[in-house]
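I opened the notebook for a quick pass over this model.

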Amino acid sequence: AMSKSAVKISSDLLSNPLCEQEPSFLEMVTAFDTAMKRMDSFNQEKVEWLWLENGSAGRIMKLFSSVFPSLNMAVKRREQTLQDYKRLQSKVEKYEEKERTGPVLAKLHQ
């Protein structure tokens, strides 16, 4: 949407009467218009690539996970480690809220 707006702005600038009066302004606006159209074209190509196969981004993820199985395993290990960390963090918070007695302090420092 942003690149479409930039293309519209550049087109509006090209139709500005000041472009007819100032050749340097016309040159600058023409360069800007060309750059915005290229950017819009590039963005459209990215969107089309991402939504191949009826908008199925999941298919692309499957392709990457089959090409990079070690990356997929690393992501799964990270998720498991994060869950373990959150579980242990909640235990620590629970023990910190309790009264500071011998058994509670021993469990806290394990």
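Which side chains meet in a salt bridge at 3.1 Å, N to O? I found Asp33 and Lys37. The model is predicted, so I read the distance as computed.

I placed the pair next. Asp33 and Lys37 both sit in helix H3, residues 23–50, 4 residues apart, about one turn of the helix. Asp33 is buried at 6% relative accessible area, because the cut-off for buried is under 20%. Lys37 is partly exposed at 43%.

I searched the whole structure and got 4 salt bridges. Among them is Lys8 with Asp12, at 3.0 Å, N to O. Both residues belong to helix H1, residues 2–14, and are 4 apart. Asp12 is partly exposed, with 40% relative accessibility. Another of the salt bridges joins Arg78 and Glu79 at 3.4 Å, N to O. Arg78 is exposed at 53%. Glu79 is partly exposed at 38%.

I turned to the fold. The protein has 7 helices and 0 strands. Buried residues make up 12% of its 110 residues. Of the contacts between residues at least 6 apart in sequence, 30% join residues at least 24 apart.

I looked up the annotation. An unreviewed UniProt entry puts a coiled-coil region at residues 71–98. In the model that span is 96% helix and 0% strand, and its end C-alpha atoms lie 41 Å apart.

Last, the surface. The accessible area is about 9300 Å², with 60% from carbon and sulfur atoms. Phe68, Leu71 and Val75 make a nonpolar patch of about 280 Å². I located Leu71 in helix H6, residues 69–97.

Terms used. Residues are numbered from 1 along each chain as its sequence is written. This is a predicted model: local features need pLDDT of at least 70, side-chain atom pairs count only at pLDDT 80 or more; totals for chains, interfaces and linings use all residues. Side-chain values use heavy atoms; hydrogens and water are left out. UniProt positions are given in the numbering used here, feature names are shortened, and annotations may be inferred rather than shown by experiment. Helices (H or I, at least four residues) and strands (E, at least two) are DSSP runs, numbered from the N terminus. Buried means under 20% relative accessible area, exposed over 50%, partly exposed in between (1.4 Å probe, protein chains only). Contact means heavy atoms within 4.5 Å. Accessible areas come from the Shrake-Rupley method with a 1.4 Å probe; for residues, only the protein chains shown count as cover. Patches are made of residues with over 30% relative accessible area and no salt bridge: like charges are joined within 9 Å, nonpolar side chains (Val, Leu, Ile, Met, Phe, Trp, Tyr) within 5 Å.
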